[in-house]
Amino acid sequence: MKQLMLGNEAVARGLYEAGCSFVSSYPGTPSTEITECAAKYQEIYAEWAPNEKVAVEAAFGASLAGKRSFCGMKHVGLNVAADPLFTISYTGVNAGMIIAVADDAGMHSSQNEQDSRNYAKAAKLPMLEPSDSAEGIAFAKLAYEISEQFDTPVLLKMCTRVAHSQSIVEPSERVEPAQKTYEKNPPKYIMMPGFAKKRHPVVEARLKALADFAETAPCNRWEKGTDRKLGIITSSTSYQYVREVCCEDVSVLKLGMIWPLPDKLLKSFAASVDRVVVVEELDGFVEDYCKTLGLTVEGKNLFSNIDELSQNKVAAGLGLSVPQGSALDEAIPPRPPVMCAGCPHRGMYYTLKKLKLNVIGDIGCYTLGAVAPLNAIDSVICMGASVSGIHGFNKANSGKTDGNTVAVIGDSTFMHSGMTGLVNIAYNDSNSTVIILDNSITGMTGHQQNPTTGFNLKGDPAAKVDLEALCHALGIHRVRVVDPYDLEQCESVIKEELAAPEASVIISRRPCALLKYVKHKAPLHVDTEKCKSCKACMKIGCPAISFVDGKAKVDTTLCTGCGVCRQLCKSDALQEG
Amino acid sequence: MKTKNIMIVGVGGQGSLLASKLLGRLLLTRGYDVKVSEVHGMSQRGGSVVTYVRYGDRVCSPVIDTGEADFIVSFELLEAARWTQFLRPDGTIVTNTQQVNPMPVITGAAEYPAQLVEKMKAAGYHIDAFDALSLAEEAGSSKAVNLVLMGRLSKYFDFTPEEWQEAIAQSVPPKFLELNQKAFALGAKM
């Protein structure tokens, strides 16, 4: 039966139908829902791993054991998983294995705009690229076939617009494959130099065989038009933009397999038209390849390698008419994302700003501590970089910044890749202060469990990492726990730990205010008689507090009664109940 | 049929995903090709959010670009103004008149523009503005603004009340069905 399905959900459906039985992933927008949806199928074992490297390795282990496996992540997650990626390319698989990577052109929820297609080329792995939900299902199934036929992990490349768009699909039934027998095979699975040297030629031969496959694979589709003047090579969501603006007369080579590319097909397509334009987001990946074949093609001279494309951008690049809307002639203030009312991070950031500290930040909801009015973060790079970064910062300053610099990192991010940085602080002895913002959930990606929460992906009780004991075990002697709703406590503990002559960890512990089990207090209200209009309560950037007619006003639909603002009010104008 | 475009805009957390889910189901039952594009992740944290709903004989792009929207349905007045450039010259803005201050306004770095409805009318936009929040509260919950807006939007379409009711029943949890039906009816009656 026809139904609307999110691209990510469709990939999960494809995994299910193809008989996938093992999923290990780390959440990351825009990839998260693939794994969340896969977890809903009883036939699929699904888990959140602590990071993408662990997830890929676990999925490889399942493949080795003979079960079809899957691992999903966002583009930057593949950087973390790149180490196993490049070597499982050499070993190949036993049962089929898919690694989905979701790019975020336009950086809707990411720290960079890298183009993951380059990984397929660098790791010499096949990559499929669906352009809608129906292809999400079809390509997941095709990926398992390719994986087993060519003895290779297969990359499935998503992008925000395919991952987070619903389109029509027709699901079918699951076909349960028999578990493949695991046979010991050291030359294939032990990648030490003697064996690996013999595997590299296998990889190169496989790539050639895959390129031959790509020449006639139905996922690479030549949509022949009558107009010989223009031909377009495209894939993914760019294909949809091209089809939106070009009539059926225009020939389109729609690539479903983006690596390896089919030389003969590209050449014969190029020969069939007067002018070839490659329409692709971010890098000129296909364009550059065509040029190595000696083909005359256009692409990045017409379309930017920055930001995502759209139908109007494609139309403009092709010299077609572009619909012009008219914007209201008015200064519209921006509406950036903010920390929610009641967010436990707010009290901590207020304190860090008040103490005028250097704050080495990290990836999560708490990155929002960087925006006005808190403006409390100095740098944000990638998962785990705060804990490693503060060590280098303090070492380079020969101890001069020990007393005025902290690192902040969330509980899930600390599990992901903060722990190793903390080991470095202890082992190489910097007097650094790390604050773990423990809100007991992976927040920004939409509330996923992690090893510190006590629950697994399926919602069942699970082993819970004891953060205090872990930090002690890694070599940190000073471990303190504070409640970020208690500003006085936060300030005194931070001052003490910054002054202490050795490394410390401060665990700022309070669950995310959006968690269903968190009970909110009654919203506060403002006694306008008492309010002296000093705006002290406005310093914390709470979306529930605004100024109306010269007095503070609390939006009772948003306020969770956390009481952080109340601690800033010297005239007792913010009152409970 | 030429592809029709509906944008649903608002502030992250206001419930625009439910509205797009409902519209998607409704349009699918009529046999249209449908695409719905959502926003997840960082923007959901109180930022400006937009969801695209497109339908027709064959829908290709999942997003709506400038000058293309037949309807902009807005949960918040400033957001209606923000996306005006996406409206077709003959398009319609259906908006809640509720104002939610963005952080730059809260901190005093910017001002919430005054008299936006009047300004949009004067600029020639066809705008249908009303207090959806009060109607939602009348229905029983301020969170039902999405169904009030869908009720209002229903006046511009030829779907039968039964078709809308079925799509609502498919889209909301059973225990909130009555509340949502009431909110829809209040919006449709306006």
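Modeller: Chain B contains 8 helices and 6 strands; helices (H or I, at least four residues) and strands (E, at least two) are DSSP runs, numbered from the N terminus. This is a predicted model, in which local features need pLDDT of at least 70 and side-chain atom pairs count only at pLDDT 80 or more, while totals for chains, interfaces and linings use all residues. Residues are numbered from 1 along each chain as its sequence is written, and chains are lettered from A and ligands numbered from 1 in the order in which they are written.

Along the sequence, the elements of chain B come as β-α-β-β-β-α-β-α-α-β-α-α-α-α. Chain B has a radius of gyration of 16 Å, close to the 16 Å that the globule rule gives for 190 residues, so chain B is as compact as a globular protein of that length. That radius is taken over C-alpha atoms, and the rule is 2.2 Å times the number of residues to the power 0.38. Along the principal axes, the C-alpha atoms of chain B fill a box of roughly 45 × 35 × 35 Å. Of the 190 residues in chain B, 56% are buried. A residue is buried if 20 or more other C-beta atoms lie within 10 Å of its own, exposed if 12 or fewer, and partly exposed in between, with C-beta atoms placed from the backbone. Among contacts in chain B with a separation of 6 or more, 65% are between residues 24 or more positions apart; two residues are in contact if their C-beta atoms, placed from the backbone, lie within 7 Å.

The contact between the chains takes 49 residues from chain B and 48 residues from chain A. On the chain A side, strand E8 (165-169), helix H11 (236-245) and helix H14 (311-317) each supply at least two residues. That side has 22 nonpolar, 19 polar and 7 charged residues, where Ala, Val, Leu, Ile, Met, Phe, Trp, Tyr, Cys and Pro count as nonpolar, Asp, Glu, Lys and Arg as charged, and the others, Gly among them, as polar. E8(A) is joined by 2 bridges to strand E2 of chain B (residues 33-37), and the two run antiparallel; strands pair if DSSP finds at least two bridges between them. Here A:Ser165 stands opposite B:Ser37.

Now to chain A. The domain assignment gives domain 1 (3-216), domain 2 (221-317), domain 3 (345-509) and domain 4 (525-575), with bounds from an automatic or database assignment. In chain A, 14 residues of domain 1 are in contact with 17 residues of domain 3. On the domain 1 side, E3(A) and helix H4 (75-80) of chain A give two or more residues, and E3(A) provides the largest share, 3 residues.

E3(A) has A:Ala46 and A:Trp48 on its covered face, and A:Tyr45 and A:Glu47 on its uncovered one. E3(A) pairs with E2(A) in the parallel sense over 4 bridges, and A:Glu47 is the bridge partner of A:Ser24. Both belong to an open sheet of 7 strands with mixed pairing, in the order E3-E2-E4-E5-E7-E6-E12. Its edge strands, each pairing on one side only, are E3 (45-48) and E12 (257-259) of chain A.
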